[in-house]
Amino acid sequence: MQIKTVDHPWQHYIIDDFLDQHDFSLVYDHCNQYTNLKTEREQHWYDKESEIYDLFYFYAYHFISKIDQIKKVDKYNFQCERSICAPEYDYNEIHVDAKGKVFSIVLYVSNHGRGTEIYSLPTRSSFQKIVEWKQNRAFAFFRSDKSWHNFANIGVHFPRVTINSFFSK
């Protein structure tokens, strides 16, 4: 797990090799069976008894302990979902996460995809960068009133597969 802290335009983390190779292969194989989409975007919430939930719960806490922030998330609920976006999909809403979300981790799973778009304000003209897509890279951040972002799969001809996990109130 290689962690890079980025402070501009708001603090976020880019984590390469978020999962060890064995666990990433397990997640990749699991997600790959769901890439024949019936809609533009499909989401599936994992229940607490699932292997994927347990795996991400472990790695989320491992990461948060490495950045010394356990106290900020310890009292909150953990949730985990698989999200698959069709080629050329655009959420098309620069947003901050809902107030109930405290901390988010997005793991890039598929071979191809478009990373998270980072903004300084809720306008297209305030675009700062795209987190480069790389398999087994995670993008993580604490929700704030300034954590403007968007996700899309524009310019990619393959489904965008992520595992999103959250600590929420």
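A residue is termed buried under 20% relative accessible area, exposed over 50% and partly exposed in between, with a 1.4 Å probe and protein chains only. The model toured here is predicted: local features need pLDDT of at least 70, side-chain atom pairs count only at pLDDT 80 or more, and totals for chains, interfaces and linings use all residues. Residues are numbered from 1 along each chain as its sequence is written, and side-chain values use heavy atoms, leaving out hydrogens and water.

Select W133 to begin. This residue is buried, at a relative accessible area of 12%. Rings of Phe, Tyr and Trp (its six-membered ring) pair if their centres lie within 6.5 Å; planes under 30 degrees apart count as stacked, over 60 as edge-to-face and the rest as tilted. The whole structure holds 21 aromatic pairs. Among them, Y108 and W133 are stacked, 4.3 Å centre to centre with 15° between the planes. The two residues lie 25 apart in the chain, Y108 in strand β5 and W133 in the loop between β7 (127–130) and β8; strands are DSSP runs (E, at least two residues), numbered from the N terminus.

Then select Y13, F18, F58, Y59, F63, F103 and F142, a cluster linked by ring pairs.

Finally, move to R143, in the loop between β8 and β9. Its side chain makes a polar contact with the side chain of D145 at 3.0 Å; such a contact is a pair of N or O atoms within 3.5 Å, and within protein one must be able to donate a hydrogen and the other to accept it, while residues adjacent in sequence count only if both atoms are side-chain atoms.

Notes:
Helix = DSSP H or I, 4+ residues; strand = E, 2+ residues; numbered from the N terminus.
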